[in-house]
Structure formats: structure tokens, C-alpha cells
Amino acid sequence: MSDKTIIRTTCPRDCYDACGIAVVKRADGLVKVLGDPDHAVSRGALCGKCAIAYNGAWLDSKARVTRPMKRIGPKGDGRFEAIGWDQATAEIAARLRDIVSRHGAETIWHTHYTGTCSLLAGGFPQRFFSRLGASEVDPDSICNAAGHAALKYMYGASDVGFDPRTAKDANCILVWGANPFASAPHQHKHWLKEAKAMKVVIDPVRHPTAADADLHLQLFPGSDAALAFAMLHVLVREDRIDRAFLAEHTIGWAELEPIVVRCSPDWAAPITGVPVGKIEEAATIYGSGPSLLWLGQGLQRQPTGGNVFRAVGLLPAATGNLAKPGAGFLYLNGGTRRGIDSDYLEASHLRQSERRKVSHMDLVARLSDPRKAQALVTWNINIAASNPDQARLHRVLRDERLFHVAIDPFPTDTTDFADYVLPAASFLEFDDIVSPYFHLSMSAQVKALEPMGDALPNQEIFRRLAKAMGYAEPELFEDDRSALDTLCRQMGLKDFAGLAAKGTVDIWPEPVPQFADLQFPTPSGKIEIASEAAAADGHPRLPQPIADPRPRDGLLRLLSPASVWLMNSSYNEDPKVAEKLGAETVTLNPSDAARLGLADGDTVIAANETGRLVLRLGVADIVPAGVALSHKSRWPKLSKHRANINALNPGRKTDMAESSAVHSVEVTLTKRA
Ligand code: SF4
């Protein structure tokens with residue numbers, strides 16, 4: 001008889017890949033978390049960060065929060081005493097009830113994002129907040145809301161992407177503003193590399209995905225819309241647009257075309273920094289189709305990110321690259337497309353008033369106002385590391401007046417500020433369902449280990465809080481198995497046990513063409529190049545061929561994308577990952593380094609009106625002149641100066657959906673004396 005058990009589960013992190021995982025448990029207690037060799041995505045290997053952390057900090061009780069904790073020191077000091085669940089939920093409920101009666105439920109804010117993205121862990125807690133009548137920080141405003149808004153104006157939906165299986169039919173894959181090497185490592189290693197299509201990457205940074213491409217257009221940040229119009233100009237000039245498709249399935253092309261005709265590559269080259277020949281080559285490759293377009297999340301984190309998405313989104317419409325094999329665009333593939341009913345998952349009917357939301361960009365101001373904020377619940381998120389205006393946010397979180405409950409598997413910067421910390425189970429410790437946002441599949445997250453200490457899955461934590469509040473609605477107490485079976489049935493599957501037995505299932509056996517029926521959920525039913533809805537919301541009717549002004553007075557435009565060693569702010573806690581991360585760096589083009597009298601390895605101060613940060617300088621031509629590159633999401637408390645790159649981020653908003661324009665931050669760099 002074998003002395004080991006293998007449990008197959010799925011990684012539910014904020015990642016395109018949704019890897020299959022094999023948890024190997026030996027009779028002597030040894031546990032190994034490995035890539036499932038039989039899984040189509042992971043093919044036996046996890047990404048580097050997960051391979052380390054899932055076998056390191058995630059299995060280490062000393063690195064985790066394992067008991068409910070109550071603050072015993074000043075806020076922000078991270079000093080707590082362990083208490084029991086009954087005491088924790090009773091005291092939290094008493095405080096929340098008091099706030100509701102004296103200030104109103106709307107002064108209780110909750111904020112969450114993608115800590116554990118599986119359906120129950122990410123959605124079920126909303127039932128509690130709906131019943132409570134709490135206010136919510138708009139989750140996507142920290143990440144990708146502008147892109148969603150822009151695509152909805154144009155295509156009526158932002159979560160209906162191409163089916164990646166159709167890459168075999170594509171002649172071109174255009175990756176715009178994304179770095180799958182870091183954010184979708186297995187798609188980079190397998191999907192992208194195995195596709196026979198020509199690969200074109202458009203990005204200010206020559207990251208590994210760009211370096212591997214057949215063609216890389218290294219544009220200046222914020223000039224994407226101008227570049228898109230110049231590519232359209234070439235497509236019109238070379239008669240590569242699909243006029244029959246435009247006539248039948250779009251509205252507004254006749255208004256747009258005269259603008260496109262004025263936007264030649266000669267016009268765009270000095271604006272974008274991309275040579276005329278490369279603009280023409282990229283347009284010709286894309287126009288040769290069928291073509292896939294991967295729209296990165298970082299692409300829209302710019303002041304005019306919504307306009308950028310509308311401009312780049314013109315490419316599939318103008319060339320008819322939809323509804324056929326090898327064609328389409330992808331921002332993400334959402335769960336509703338597979339039949340998931342988010343109103344059921346979140347029990348939206350329990351909401352007693354309109355959903356109140358505020359942008360993450362306004363969170364500091366909101367929490368600072370006692371008339372509007374008395375309490376904060378943070379779950380699946382680490383705002384003290386990931387939010388803008390970091391120094392001010394930390395000051396607000398230190399305020400004794402603000403009642404703060406934090407729910408997390410790890411003692412993060414955010415939990416340090418809380419009054420109560422509740423231990424969340426890791427995804428290895430409970431059953432759930434993973435809805436990948438790249439492939440059109442569904443996967444089982446299968447419990448492989450017992451929860452560490454007293455940790456509980458998010459959904460069970462909120463059941464206990466609901467009970468302590470005295471609520472009686474049965475939706476608040478639905479058990480996991482019932483909810484998982486219901487979600488499976490919504491997708492046309494028999495039940496969760498059936499999904500768990502298969503691991504991952506393709507919802508459709510064959511590749512699904514994007515918008516196969518050419519019916520678009522816009523007001524007109526067509527692709528709205530000219531959008532009355534956008535105009536009614538105060539935006540231009542048409543996408544605009546504009547670019548952000550270049551930084552002046554020697555300032556540098558700071559880009560802060562994801563590191564290959566972190567998943568948002570996860571994994572900082574693992575010492576081996578920390579070793580891989582090394583010193584926090586900023587990279588400059590050699591011409592800027594020479595202009596500023598700086599050399600590789602110097603210690604420099606990045607500063608602006610919001611804050612300052614000490615970094616180590618790297619010099620490399622992977623960024624254009626005028627751009628500084630530093631990766632995001634370190635834990636401030638692990639750095640000497642208790643700050644990360646968000647100390648420099650003033651929280652500027654995008655043109656649409658009040659989302660983060662973090663890639664527009666401007667800084668000076670000086671050598672530290
Ligand atoms: S984070 Fe992404 S690449 Fe890493 S194991 Fe999870 S799904 Fe795979």
C-alpha cells in the first residue's frame with residue numbers, strides 16, 4: 001500500500017493560469033504542493049513564487065494568522081492577544097450593532113479584492129454585507145475598472161473574451177500592455193510559445209514577453225491611443241479593413257474614418273517614440289489575420305485609460321476580427337459567461353438599499369471623515385500595501401476612532417492596523433470552485449489540508465458573524481456543499497463531487513468564437529464605435545487619437561507593474577521569496593542615468609509631492625528615456641523605511657470609472673547623499 005495520498009486541487013489566485021495542483025501527503029506528515037502533471041495548464045510545474053511559498057510560508061504556522069486576535073497595543077503596532085471565535089464574533093457584532101444604531105450601517109465600509117479568488121471565498125461574504133447594509137469600496141477601481149467601462153461602451157461586455165483554444169487558428173497574437181511572463185507564466189511558457197502565429201508585443205518595457213516576441217513596439221507610456229490610430233491609418237491605407245463587417249455590425253465608423261486618415265505613422269512616431277516602419281509592420285501583421293488581441297490590465301492604468309481601451313478596441317472591429325476562429329480580443333473571461341449567477345452567490349436580494357460604492361482612490365478621504373466612516377472590514381485585500389497615498393492611509397488606519405476588522409491568512413501590514421484580526425483559511429484548506437479568467441474552463445478547489453489552527457474559510461467566518469449579529473435569513477447560513485452544488489448546476493454540471501472528480505472541465509467541448517452570433521449587448525446591438533452612452537456620461541462620442549503629455553522639467557514617468565516573484569502583495573512573507581526579490585530597485589534608461597549623474601547600483605531617492613522612497617538603481621535600456629520602472633507590492637513593514645512604491649502614488653483617477661491611473665505617477669530621482 002502506498003504511503004502517500006495525492007489530492008488534486010486548483011490555484012485560485014489572481015492569475016490567468018488557474019494551475020492544477022497536486023498536494024502530496026505522506027504518511028509521516030510531510031506535505032508537498034506541486035504542479036499537477038496531468039493538468040493542461042500547469043503540466044507538472046507551479047510558477048516559481050507559488051512553488052516556494054505554497055511549500056513555505058503557507059504551510060508554516062509561525063508565518064500564518066492561526067487564532068482570532070484582539071489588539072492590545074496602539075493601532076499599527078501589530079500587537080494582539082489570541083481569543084476564541086465566540087468572543088471575537090460577539091465583540092465585533094456588538095460594536096457593529098452599536099455603529100448601526102448610532103451612525104447608520106452606511107458608515108461601515110468593507111473592502112476586498114483578489115486574495116482568494118475562488119467563488120465562495122470571493123463572493124459569499126457579500127451576503128453578510130448586503131444584509132448589514134454596509135458600503136463598499138469598488139473592488140475593480142484599484143485595478144481594471146476603466147477597461148471594463150470602455151469595453152462596455154463599445155462592445156456591451158468586457159468579460160466575454162476570445163477562447164484561448166482558438167490560438168491554433170490565429171496568424172497574429174498581439175499582446176498590448178501585458179506581460180504574461182509575470183502575470184500568466186504558463187500562458188507565456190506554453191500557450192504563447194506553442195502558437196504558430198506571429199507575436200507582436202506593444203509595451204513601454206522590454207520585459208521577457210516583449211523580448212521573446214517577433215516584433216516589439218516600445219512606445220512611451222500614455223501614447224497607446226495615438227499608436228492605435230496610426231495602426232488603423234495603415235490598415236485603411238492598405239485596404240486591410242473589413243468594410244462589410246463595419247457596415248453591418250458597427251456604428252460610427254463613418255465619423256471616425258476621417259480622423260483615422262489624419263493619424264499617419266509619421267504623425268504618431270514622435271508622439272509614441274515608435275519608428276514609422278515598426279508601426280507599419282505591426283499593422284500589417286495584425287491586418288493579415290485572423291488575429292487575437294490580448295488587452296493587459298496595466299494598459300488602462302493611465303489617466304486616459306478608458307480612451308486607450310476604446311482606441312485599441314477599434315482594431316478587431318475595423319478588421320472584422322471577431323466571431324471566427326483565431327480572432328477576437330481578451331480582457332478577461334468572466335464567470336457569468338459560464339452561467340454563474342452572481343446575484344445568487346452574493347444574495348443581492350438581501351440588500352436593503354442601493355449599493356453604495358466609493359473608488360479606492362477616495363478611500364483615504366472617506367475613512368478620514370467620521371460622519372461617513374465609523375468602521376472598516378478588510379478581507380481578501382492588503383490595502384496598507386496596495387493602495388495609493390500610502391503615508392496618509394497609514395495615518396488614517398492608526399486612528400483609534402475607526403473600528404477595523406481584518407480577515408487574512410497572514411499578518412500583513414493591513415492586519416497590523418486592525419482592532420480584531422480573524423484567521424482566514426488558505427485555499428488548500430477548503431472546497432471551492434475556481435473560474436479561470438483566461439481559459440473557458442471551471443476547476444475544483446479541493447480541500448487538501450485541515451485549516452491551520454483555528455483558521456476558517458471566509459464564508460464560514462461570515463456565517464459566524466451573521467449569527468452573532470442575530471440575523472436569521474437562511475441565505476446567510478447556506479452551507480458550502482449546497483452552494484457549491486448550486487453553482488455547479490448553474491454551469492450545467494451535476495454537482496461539486498462530479499467536478500472534483502474531474503478536476504478541470506471545459507464548459508464547451510470545442511473552441512467558442514467570440515460574439516459568435518454577432519449580437520452585441522449594446523443599446524444598438526452593434527459595436528458602438530460612436531457611443532451615445534459614453535457621451536451621456538461625459539466622455540467623447542468617439543475614441544480620441546490623443547496621448548498624455550510627456551513629463552516636464554526632467555521628471556520621470558514611473559511604471560510599477562507586477563514582479564514575477566509576487567502575486568499582488570502575497571508571498572512577501574516567505575523568506576525564500578524575499579531572497580529572490582532582493583533589494584527594491586528602480587530601473588532607468590542609460591541616457592537618463594547619464595543626464596542625472598547616476599550609476600548602476602547607486603542608492604537613490606524617488607520623490608514627488610506625495611512621498612519619497614529609497615531604492616537601488618538599475619540602468620538598462622529595457623525602458624525608454626523618461627521612464628522609471630519599479631515593481632509593486634512589497635510589504636511596507638518589511639522594508640527599512642516602512643513604505644513601498646505606493647508611497648509615491650497620489651491616487652490619480654482614470655478618465656472612466658474612477659479607477660487607478662497608477663502608471664502616470666511622476667517622480668524625480670536623486671542620488672542619496
Ligand atoms: S499564481 Fe498562477 S502561475 Fe502561480 S501556481 Fe497559481 S495559477 Fe499557477
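Student: Is Asp389 buried or exposed?
Tutor: The model is predicted, so local features are described only at pLDDT of at least 70 and side-chain atom pairs only at pLDDT 80 or more, while totals for chains, interfaces and linings use all residues. Residues are numbered from 1 along each chain as its sequence is written, and side-chain values use heavy atoms, with hydrogens and water left out. A residue is buried under 20% relative accessible area, exposed over 50% and partly exposed in between, for a 1.4 Å probe and protein chains only. Asp389 has 16% relative accessibility, so this residue counts as buried.

Student: Where in the chain is Asp389 found?
Tutor: Helices (H or I, at least four residues) and strands (E, at least two) are DSSP runs, numbered from the N terminus. By that numbering, the place of Asp389 is the loop between H18 and H19.

Student: Which residues is Asp389 in contact with, beyond its neighbours within four places in sequence?
Tutor: Contact means that heavy atoms lie within 4.5 Å. With the neighbours within four places in sequence left aside, the partners of Asp389 are Val364, Thr610, Asn646 and Asn649.

Student: How are the buried residues of helix H19 arranged, and what arc do they fall within?
Tutor: Helix H19 covers residues 390–397, and its buried residues are Gln390, Leu393, His394, Val396 and Leu397. They line one face of the helix, because seen down the axis of H19, with directions taken from the axis to the C-beta atoms, they fall within an arc of 160°.

Student: Which elements do the buried residues of H19 pack against?
Tutor: Two of these elements are helices, H17 (363–368) and H18 (383–386). The others are strands, E15 (375–379) and E16 (403–408).

Student: Why are the buried residues of helix H12 placed on the same side, and what arc do they cover?
Tutor: In H12, residues 265–272, the buried residues are Pro265, Ala268, Ala269 and Thr272. They are on the same side of H12 because around the axis they cover an arc of only 115°.

Student: Which residues of H12 are exposed on the other side?
Tutor: The buried residues of H12 pack against helix H9 (224–237) and helix H13 (276–288). On the other side of H12, the exposed residues are Asp266 and Pro270.

Student: Which two residues does a cis peptide bond join?
Tutor: Most peptide bonds are trans. Here, Pro290 lies in the loop between H13 and strand E12 (291–295). With omega of about -5°, the cis bond joins Gly289 and Pro290.

Student: Where is Ser633, and what is its phi?
Tutor: Most residues other than glycine have a negative phi. Ser633 lies in the loop between strand E26 (627–629) and strand E27 (666–671). Its relative accessible area is 9%, which means that Ser633 is buried. Its phi is positive, near 80°.

Student: What phi does Ala323 have?
Tutor: Ala323 belongs to the loop between helix H15 (314–319) and strand E13 (328–330). Although Ala323 is not a glycine, its phi is positive, at about 60°.

Student: Where is the ligand, that is, in which cavity does the ligand sit?
Tutor: A cavity is a set of points on a 1 Å grid over the protein atoms alone where a 1.4 Å probe fits but cannot get out. A molecule sits in one if more than half of its atoms lie within 2 Å of its grid points. By this rule, the ligand is placed in the second largest cavity.

Conventions
On a 1 Å grid over the protein atoms alone, a cavity is a set of points where a 1.4 Å probe fits but cannot get out, and a pocket is an open set with protein on both sides within 12 Å along at least five of seven lines; lining residues have an atom within 4 Å of a point.
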